[in-house]
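Keep the viewer open as you read.

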Amino acid sequence: MGRIIAVCTSANKGERKKNIDRGMLIANHGLEGDAHAGPWHRQVSLLARESIAKMQAKGLQVGPGDFAENLTTEGIDLVSLPVGTKLKIGEQALAEVTQIGKQCHSHCAIYQQAGDCVMPREGIFVAIHQGGPVKVGDTIEVVAMGSGKASYSSDQHQVSGGGVVAS
């Protein structure tokens, strides 16, 4: 079992997120008020504090939200969770891992500074199946391991076997 150390949002895509300490996860939408929320497979992004520490070890002054993740965690090995894994976030919210990592289309400012970025390799994305409040200090735990395929689908995307196919 891990815990949430930051809850981060941004008004616009392509910018660092700010820790707001608490928020509301909305079913089939994501984190209320975040630019990336919506009815698609990457409703909420997560990155481990342990991954951020790798970039700090390279001399970067970075912290929670700087990789545009919504939830920063500690004590849970996010990248080892297969697609389809169900997570309980806080007291009420239930999420499903829909993607591990992402393709970096244009190298971000962090990549430009360090020649590397952990989010494309170690960030994960989830769809929210049951909403609820989330705050710094909440627990995050695996309730069911995935099979490598996500059950989430929307009108725009279908997720299967870790890849995304436009429908």
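Start in the loop that links β3 (22-26) to β4 (30-31), where you'll find N28; helices here are DSSP runs of H or I with at least four residues, strands are runs of E with at least two, and both are numbered from the N terminus. N28 isn't a glycine, yet its phi is positive, near 55°. N28 counts as partly exposed because its relative accessibility is 42%; the scale calls a residue buried under 20% relative accessible area, exposed over 50% and partly exposed in between, using a 1.4 Å probe and protein chains only.

Before going further, some ground rules: this is a predicted model, so local features need pLDDT of at least 70 and side-chain atom pairs count only at pLDDT 80 or more, while totals for chains, interfaces and linings use all residues. Residues are numbered from 1 along each chain as its sequence is written, and side-chain values use heavy atoms, with hydrogens and water left out.

A68 also has a positive phi without being glycine, near 65°. Look for A68 in the loop between α1 and β6 (71-74). With a relative accessible area of 23%, A68 is partly exposed.

Now for the strands. T9 belongs to β1, residues 2-9, and is buried because its relative accessibility is 13%. Setting aside residues up to four places away in sequence, T9 touches K17, K18, I20, L31, E32, G33 and D34, a contact being heavy atoms within 4.5 Å.

V97 is in β8, residues 93-100. Its relative accessibility is 0%, so V97 counts as buried. Beyond neighbours within four places in sequence, V97 has contacts that include L81, P82, V83, L87, I124, F125 and A150. The C-alpha atoms of V97 and L87 are 7.7 Å apart, with the two residues 10 apart in sequence.

F125 turns up again when you look at rings: the charged end of R42 sits over it, 4.8 Å from the ring centre. The test for such a placement is NZ of Lys or CZ of Arg within 6 Å of the ring centre and within 35 degrees of the ring normal.

Zooming out, the protein chain has three helices and 13 strands. Of its 167 residues, 46% count as buried.

Finally, confidence. The mean pLDDT of the protein chain is 87, with 83% of residues at 70 or more; pLDDT is the predictor's confidence in each residue, from 0 to 100. Residues 155-167 fall below 50, though this stretch has 25 contacts in the model beyond near neighbours in sequence.
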